[in-house]
Structure formats: structure tokens, C-alpha cells
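Subject: Structure handover

Hello,

Here is the structure for you to take over. My notes on it follow below.

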Amino acid sequence: MSTPRTVAPARPASRPVPAGGPFTGAVAAEWTKLWSVRSTWWTLLAGVLVMAATAGQLAIYAANANTDDDPANNPGVVTVGSIVIGSLDLTQYAVLALGLLTVTSEYATGTIRTTLRCTPSRGRMLLAKAVVVAVVTFLFGLLLGGVGALVAGPVLGGWGRVPVAGTLGDVLAAAVYLALVAVLALGLAAALRGAVLTLTVLLAVLMIVPLSLQEPRITVLTRIADAFPGVAGAHFMAGDTDPYPAAVGVLLLAGWTVAALALGRAALRRRDA
């Protein structure tokens, strides 16, 4: 009489590990998600249109100021790079929208639950989003700088100057600034979750509060304003030496960005999706 054969229980199928490790897989997933939604493309298109319109308008203002009857308004010959940097006051909000929508759209649609199931580590998920947003907005910043320069140059005509090294440096600085503020928006969005609330806080931190501190022209308040991210970024892009070198400006902005990511990570760990 033969003894019955025992069958070993089947082992559960292991989840495939993406090539390059879990973090690389998380970055690849975030990259795919970013380009699979129409809001990304609309936001990028809006950024290009706003940059072109603002650069053209600022160039017209500079050219007209040099030919009017009021010598006090005469700015002289200006660089195309300065027009590009000046255009970021408005254009940056399209880039901020791209950064914050990366998180807030998932909370609005409930897809954040799927994201966290695929990437259980919330810190890894947030860092993957930050890497993707930083890369995309940096490259987009280079494109925006090129668009602004191409529009402003012909409009300025003889009142414009296009030094190659200086213009490339200004475009690069603008791209770095946009990448940092986009990740700053991402971190705040992870903490606040709502698009409107996040945008309101960004407006306050980048523009309203610093301008309110600068308006009385009191030295102490002005120095406080100089530590805010928008003002620090402006000093960096302008290459200022006062009140601090440009390198300090970009470090201050980077510090705000890191702090926003840390705040977002803490909120993700403390609250349920």
C-alpha cells in the first residue's frame, strides 16, 4: 500500500522589484503619472504663453521708457536676461501650479491611496515626486528662459543687449529658481493637501508678506524680508552682493524648500490618506 504524497504549500508570488531598486521604481511611476494627465500639458502651455506675453510687455515698457519725454524714466540699454528674470514674477505661478497639483490632484481624486499602496514608504514617495518635479521644472525653466529671450530681443531692438554668457547665466539661474520653488510648492501641498490653500500660502510667503515688510522701508523689517524665499531667489538671480552674495540667496531658497519637504513628510506620516 503506497503512502500518500504530501504536497508542499505554494509560496506566495513575490512582488517584482523594479530594476534599480524601489526608489527608482517610485521615480518611474511618478514620471509616468505626471505626463499621463492633461493638467500637466495645460500648465506647461500656460507657462510658455505667460512668459512670452510678459517678456514682450516688459520689453515694450523698456523701449518706450527710453523714447518718452521724461528722462527720469530712461532705463537705458537693458539686457535680455534681465527681462527674462523680471518675467518670472508672473510666470512662476504656472510652475508653482505644476508642483502643487502633483500632490493635491491625487488627494482630490483619491488616487493618493493607490500611490501609497504602490509606494508604502511615504518619505520615498514624496522624495520621488520631488525629484520628478525638480527635473521637469528645471528643464521647463530653460525652455521658458529661451522663449523669453527670443521674444524680448526683437522687441527691445537697439535698447536691448544679448551677451551670450550673461544671458545663458540668467536663463540657468531662472531654471534653478523655478525648480526650487516648484519643489517648495510640492512640500507645502503635501502638508496642506488643498490646492487653493497651498496657493494662498505660497502667495503670502513669496510675495505678500515680503512686500509688506519692505514697504515701510525700515531696515530691520527689510532684512527680515530678505530671508523670505522669493526675495532670496530674486537676489540670487540678479547676482546681488548686497545684502548677501547670490550664493547665500540660493542657499536660503533651498533651505525653505527642504523645510517644506520636511513639513510635508511629517504631515504624510501623521495623517491618513
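Residues 83-105 are 100% helix and 0% strand, and the end C-alpha atoms of this span lie 33 Å apart. Helices here are DSSP runs of H or I with at least four residues, strands are E runs of at least two, and both are numbered from the N terminus. Residues 41-63 also come out as 100% helix and 0% strand, with 33 Å between the end C-alpha atoms. UniProt, in an unreviewed entry, places the feature "transmembrane region" at both spans, and also at 126-151, 171-189, 196-213 and 246-268. UniProt positions are in the numbering used here, feature names are shortened, and annotations may be inferred rather than shown by experiment.

Ground rules: this is a predicted model, where local features need pLDDT of at least 70 and side-chain atom pairs count only at pLDDT 80 or more, while totals for chains, interfaces and linings use all residues. Residues are numbered from 1 along each chain as its sequence is written, and side-chain values use heavy atoms, with hydrogens and water left out.

**Salt bridges**

The count is five salt bridges. The rule is a side-chain nitrogen of Lys or Arg within 4 Å of a carboxyl oxygen of Asp or Glu. E30 and K33 form one of them, at 3.1 Å from N to O. These two are three residues apart in helix α1, so about one helical turn separates them. E30 is buried at 5% relative accessibility, whereas K33 is partly exposed at 28%. Buried means under 20% relative accessible area, exposed means over 50%, and partly exposed is in between (1.4 Å probe, protein chains only).

K33 also bridges to E106, at 3.0 Å from N to O. That pair links distant parts of the chain: K33 sits in helix α1 and E106 in helix α3, 73 residues apart. E106 in turn meets K129 at 2.5 Å, N to O. This pair joins helix α3 to helix α5 across 23 residues. Both E106 and K129 are buried. Shared partners join E30, K33, E106 and K129 into one network of salt bridges.

What else does E106 contact, leaving aside its neighbours within four places in sequence? Its contacts also include T111, I112 and T115. Contact means heavy atoms within 4.5 Å.

**Helix contacts**

T43 lies in helix α2 (residues 38-65). T43 is buried, with a relative accessible area of 12%. Neighbours within four places aside, T43 is in contact with A94, A97, L98 and L101.

Q92 is in helix α3 (residues 80-109). Q92 is buried too, at 5% relative accessible area. With neighbours within four places set aside, Q92 contacts Y177, L178 and L206.

L268 belongs to helix α10 (residues 246-270). Its relative accessibility is 3%, so L268 counts as buried. L268 touches Y107, R122, M125, L126 and A190, not counting residues up to four places away in sequence.

**Helix α9**

Why is α9 (residues 229-238) described as largely enclosed? Eight of its 10 residues are buried, so the rest of the structure largely encloses it. The buried ones are P229, G230, V231, A232, G233, H235, F236 and M237. Their cover includes α3, α6 (164-192), α7 (195-214), α8 (219-225) and α10. Just after α9, G239 takes a positive phi of about 70°.

**Aromatic pairs and the nonpolar patch**

The whole structure holds three aromatic pairs. In one, the rings of W35 and W41 have centres 5.0 Å apart and planes at 50°, so the pair is tilted. Rings of Phe, Tyr and Trp (its six-membered ring) pair if their centres lie within 6.5 Å; planes under 30 degrees apart are stacked, over 60 edge-to-face, and the rest tilted. W35 is partly exposed at 25% relative accessibility, and W41 is partly exposed at 49%. Ring pairs link W31, W35 and W41 into a cluster.

W31 is also part of a nonpolar surface patch with F23, L127, V131, V135, L139, L142 and L172, with about 650 Å² of accessible area together. Patches take residues with over 30% relative accessible area and no salt bridge; like charges are joined within 9 Å, and nonpolar side chains (Val, Leu, Ile, Met, Phe, Trp, Tyr) within 5 Å. Areas come from the Shrake-Rupley method with a 1.4 Å probe, and for residues only the protein chains shown count as cover. α1 (22-36) and α5 (122-156) each supply at least two residues of the patch. α5 gives the most, with five. F23, in helix α1, is partly exposed at 32% relative accessibility.

Best regards
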